[in-house]
Amino acid sequence: MEVTSLAENLYFTTVRIDTVDADGNIGAGTGFLFSHQRDGNNYPFVVTNKHVINAADKGGITFLKKEDEKPKLGDAF
């Protein structure tokens, strides 16, 4: 997929968040990537809503892969 606009670029900053609580219930939601620079250092963050991770004991984040500087749809890690 050729990414040509700001809106398309923002789409690919979204990540999937999967969670599991103490009772084994699974959940899923989304977050977005954000970078903040302070004192010459970049700090990466994943921003999401509280209800996505509330009561989660463990979880994972899925990122989209790229190839030739383009998003590789359907291929994530």
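Student: K72 forms a salt bridge in which the closest N and O atoms are 3.3 Å apart; which residue besides E67 is its partner?

Tutor: The partner is D75, and the K72 to D75 pair has its closest N and O atoms 3.3 Å apart. Keep in mind that this is a predicted model. The general idea is a distance test: a side-chain nitrogen of Lys or Arg has to lie within 4 Å of a carboxyl oxygen of Asp or Glu. The K72 and D75 pair, at 3.3 Å, meets that test.

Student: How does K72 count by relative accessibility: buried, partly exposed or exposed?

Tutor: The dividing values are 20% and 50%, with partly exposed in between. K72 counts as partly exposed at 31%. K65, at 33%, is partly exposed, and E67, at 44%, is partly exposed as well.

Student: Now the strands. In which sense do β2 and β3 pair, parallel or antiparallel?

Tutor: When reading a pair of strands, look at the direction, the bridges and the link between them. Strand β2 covers residues 26-38 and strand β3 covers residues 41-48; their pairing is antiparallel, over eight bridges. As one point of reference, L33 stands opposite V46 in β3. The two strands form a hairpin, with two residues between them.

Student: Which residue in the turn has a positive phi?

Tutor: D39, with a phi of about 50°. What makes D39 worth noting is that it has this positive phi although it is not a glycine. D39 sits in the loop between β2 and β3 and is exposed, with 70% relative accessible area. A55 is another non-glycine residue with a positive phi, about 70° in this case. A55 is found in the loop between α2 (50-53) and β4, and at 55% relative accessibility A55 counts as exposed.

Student: Which residues form the nonpolar patch on the surface?

Tutor: F32, F34, Y43, F45 and V47 form it, with about 460 Å² of accessible area together. As background, side chains in a regular strand alternate between the two faces of the sheet. In this structure, β2 and β3 each supply at least two residues of the patch. β3 gives the most, with three residues. Take Y43 as one of the patch members: Y43 lies in strand β3 and is partly exposed, with a relative accessible area of 38%.

Student: Is T19 buried or exposed?

Tutor: Compare its value with the limit for buried, which is under 20% relative accessible area. T19 has 11%, so T19 is buried. T19 lies in strand β1, which runs over residues 14-21.

Student: One more feature, the aromatic rings. How many aromatic pairs does the structure hold?

Tutor: The structure holds one aromatic pair. The rings are those of F63 and F77, with centres 5.8 Å apart and planes at 25°. Planes under 30 degrees apart count as stacked, so the F63 and F77 pair is stacked.

Student: Where do F63 and F77 lie?

Tutor: F63 lies in the loop between β4 (56-62) and β5 (64-67), while F77 lies in the segment after β6 (70-76). The pair therefore ties together parts that are 14 residues apart in sequence. As for accessibility, F63 is partly exposed at 29% relative accessible area, whereas F77 is exposed at 57%.

Definitions and conventions:
Residues numbered from 1 in each chain as written. Predicted model: local features only at pLDDT ≥ 70, side-chain atom pairs only at ≥ 80, totals over all residues. Heavy atoms only, no water. Pairing = 2+ DSSP bridges. Helix = DSSP H or I, 4+ residues; strand = E, 2+ residues; numbered from the N terminus. Buried < 20%, exposed > 50% of the residue type's maximum accessible area, 1.4 Å probe, protein only. Phe/Tyr/Trp six-rings, centres within 6.5 Å; stacked < 30°, edge-to-face > 60°. Patch = residues over 30% accessible without salt bridge, like charges linked within 9 Å, V, L, I, M, F, W, Y side chains within 5 Å. Areas by Shrake-Rupley, 256 points an atom, 1.4 Å probe, with all protein chains shown as cover.
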